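Please keep the sequence and the coordinates in view while reading.

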Amino acid sequence: MSPVVVSGLISVESSGDALLYAKVKATLTVPSTRSLVPVTLACDFDFTEFYVDSKAALNRYDATDVVIVAEDGVIDLDTAVADNLLLQIPMQVLSPEEQKAQTMPKGKGWESPAKVTNRQTLNQLIHVLLS
């Protein structure tokens, strides 16, 4: 992982709740989900989180807001940045060569489906894997 560059602000609302806004830039090296070869993943994103002092304060926010109860009144910025970096890693990571390839991997007696197109196909695939 490259050095992580973070800029942002924390403001304290009149209620005592804290608002964290941060912009994060970093380059991660993650394994390809197909071959496990290292893949460089550039990250450039921002996030907003609210910090409150008790669970009772959670009802002041919408369900879509990220609200965290700060233990002992402490906001752990390292954890906030690390958690949000992890959320930036996609479910499928492919190397540039794998992205260009027109064929899916296959082996002795098995092959990857190009794409699971519907629930029935997915259920059939699960059945084959479990049998």
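The largest nonpolar core has 18 residues, and those with the most contacts inside it are L20, V24, C43, F45, F47, Y51 and L85. Such a core is a set of buried Ala, Val, Leu, Ile, Met, Phe, Trp, Tyr and Cys residues joined through side-chain atoms within 4.5 Å, where buried means under 20% relative accessible area, exposed means over 50%, and partly exposed lies in between, with a 1.4 Å probe and protein chains only. Strand 2, strand 3 and helix 1 are the elements that give two or more residues to this core, and the largest share, seven residues, comes from strand 2. Helices (H or I, at least four residues) and strands (E, at least two) are DSSP runs, numbered from the N terminus. In soluble globular proteins, nonpolar side chains tend to be buried together.

A second, separate core of five residues includes F50, V52, A57 and Y61.

Helix 1, spanning residues 77–87, has A80, V81, N84 and L85 as its buried residues. They cover an arc of only 130° around the axis, which puts them on the same side of helix 1; the arc is that of the directions from the helix axis to the C-beta atoms. An α-helix has 3.6 residues a turn, so residues three or four places apart point the same way. The buried residues of helix 1 pack against strand 1 (5–12), strand 2 (18–31) and strand 3 (38–52), whereas the face turned away from the buried side carries the exposed residues D78 and L86. D83, also found in helix 1, counts as partly exposed at 41% relative accessibility. The N-terminal end of helix 1 is capped by D76, a side-chain oxygen of which lies 3.2 Å from the backbone nitrogen of D78.

Is the acidic residue D17 buried or exposed? D17, found in the loop between strand 1 and strand 2, is buried, with a relative accessible area of 1%. Its side chain makes a polar contact with the side chain of Y61 at 2.6 Å, and another of 3.3 Å joins the side chains of D17 and S15. A polar contact is a pair of N or O atoms within 3.5 Å; within protein, one must be able to donate a hydrogen and the other to accept it, and residues adjacent in sequence count only if both atoms are side-chain atoms. Leaving aside neighbours within four places in sequence, D17 is in contact with S11, V12, Y51, V52, A57, R60 and Y61.

Turning to the whole chain, the protein has three helices and six strands, which follow the pattern β-β-β-β-α-α-β-β-α along the sequence. The C-alpha trace spans about 65 × 35 × 20 Å along its principal axes, and buried residues make up 23% of the 131 residues. The C-alpha atoms of D83 and G109, 26 residues apart along the chain, are separated by 39 Å.

In this predicted model, local features need pLDDT of at least 70 and side-chain atom pairs count only at pLDDT 80 or more, while totals for chains, interfaces and linings use all residues. Residues are numbered from 1 along each chain as its sequence is written, and side-chain values use heavy atoms, with hydrogens and water left out.

How values were computed:
Contact means heavy atoms within 4.5 Å.
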